[in-house]
Amino acid sequence: MNPNAKITIKDVAREAGCGVATASRVLNNSGPASAEVREKVEKAARELGFSFSAIGRALQSSKTMTIGCLVPSLANPVFAEAVHGIQMELTGSGYQLLIASSNYDGEADNDAVSTLLAKDVDGLIVTMVAPDRSKALKAAKSRGIPVSLMFHDPLDGFVTAHVDNFEAAREVARQFADHGHRRTGFLALRFASSDRSRNRYAGFHAECRARGLADPELIEISEAEAGTPQKLSEILREYAGITAIFASNDFLAIAVQKAARLLGWRVPKDLSVIGFDGIEIGQMLEVPLATIETEPDVMGRQAARSLLFALQGRPLEQLPALPFTFRPGATLSAPRTGSHDDDRGATRSPSVPSPKTQLKQG
């Protein structure tokens, strides 16, 4: 053989003593082959120095061997860990990941998905504001491009890697009740546009009622308020009568602790706090955070695995909910005895909810 000649799959097949189709199946890992044949083909490829051209594979199969991934933010460790899980699952598959983020913006979601589709990605893994209303996702499905969601609770027509937000939030209510709290609050960011936040509130609300607790106050704040301890402390002052807050994610729970200090409140003596996600930094705080711990890297792996199955022609099937655990922390204790209102200022009457606490209907 001419040492300068380009090695082809025909050369590998000839050296291995098999057909070209068999050699292709082995090297593409796209079909059955006996262990003996697989060993011969792989040995021949190594000895001949053969490697598939990614461009050639794409042209032959009409695939780009890319998968688009959209998450709200890579600054939040939860989503960064999920992306890492996706990448680990894709290792060895031949697929490359194209990553976009939208900063929790619905229009940016659709723009990002449209851009990924314009790059002819073979599949999508997304976390977005409203996947069930996304025109870009509908376009993807109409083109036969498989889609896996992450973090969303199950939605009709979609496969999603998720934890059961409703059940996880019920566990938070049980923890507060077991520690003797009667009046609680749920702190949310982007409540109207986040199915995760709404389902967590619904589960928390349901279990509070089941345990005979007062209905939790719904405290919806903006990004600016969440990122400014002084502004958040002014909002919390309006809810001085509650003894515990369930924050819809760990970042908000950490923000609550900062705001509480500005008010002279001690966590957990004056205010207990539980978060959601279980990010590592929560354990490194001076007052380690009590939280619902999830496994976002496993979620990413599950979403990627389901997508790979779909790309191999298997039907997408709804995924089972992933486990969650309650992680105890120093931000949770029994409420102080005595009059809460006398110690921390006037309490707004629960019978007159502020506009921020009104649950949107419809």
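The second largest pocket holds about 380 Å³ of space, where a pocket is an open set of points on a 1 Å grid over the protein atoms alone, with protein on both sides within 12 Å along at least five of seven lines, and where a volume is the space filled by probe spheres set on points joined across faces, edges and corners. This is a predicted model, in which local features need pLDDT of at least 70 and side-chain atom pairs count only at pLDDT 80 or more, while totals for chains, interfaces and linings use all residues. Residues are numbered from 1 along each chain as its sequence is written, and side-chain values use heavy atoms, with hydrogens and water left out.

Sixteen is the size of the pocket's lining, given as 16 residues, of which Leu-189, Ala-226, Gly-227, Phe-251 and Leu-252 lie nearest the centre; a lining residue has an atom within 4 Å of a point. By class, the pocket lining has eight nonpolar, five polar and three charged residues, with Ala, Val, Leu, Ile, Met, Phe, Trp, Tyr, Cys and Pro counted as nonpolar, Asp, Glu, Lys and Arg as charged, and the others, Gly among them, as polar.

The largest cavity contains about 270 Å³, and among its 18 lining residues Phe-79, Tyr-104, Ser-194, Arg-196 and Asn-249 are the closest to its centre. Helix H9 (195–210) and helix H5 (77–90) each contribute at least two residues to this lining, the largest share, three residues, coming from H9.

The second largest cavity has a volume of about 40 Å³, and its lining includes Arg-196, Arg-200, Phe-276 and Asp-277. Here H9 and strand E9 (272–277) each supply at least two lining residues.

Elsewhere, Asn-110 lies in helix H6 (residues 106–118) and counts as partly exposed because its relative accessibility is 24%, between the limits for buried (under 20%) and exposed (over 50%), with a 1.4 Å probe and protein chains only. The side chain of Asn-110 makes a polar contact with the side chain of Ser-134 at 2.7 Å.

Conventions
Helices (H or I, at least four residues) and strands (E, at least two) are DSSP runs, numbered from the N terminus. A polar contact is a pair of N or O atoms within 3.5 Å; within protein, one must be able to donate a hydrogen and the other to accept it, and residues adjacent in sequence count only if both atoms are side-chain atoms. On a 1 Å grid over the protein atoms alone, a cavity is a set of points where a 1.4 Å probe fits but cannot get out, and a pocket is an open set with protein on both sides within 12 Å along at least five of seven lines; lining residues have an atom within 4 Å of a point.
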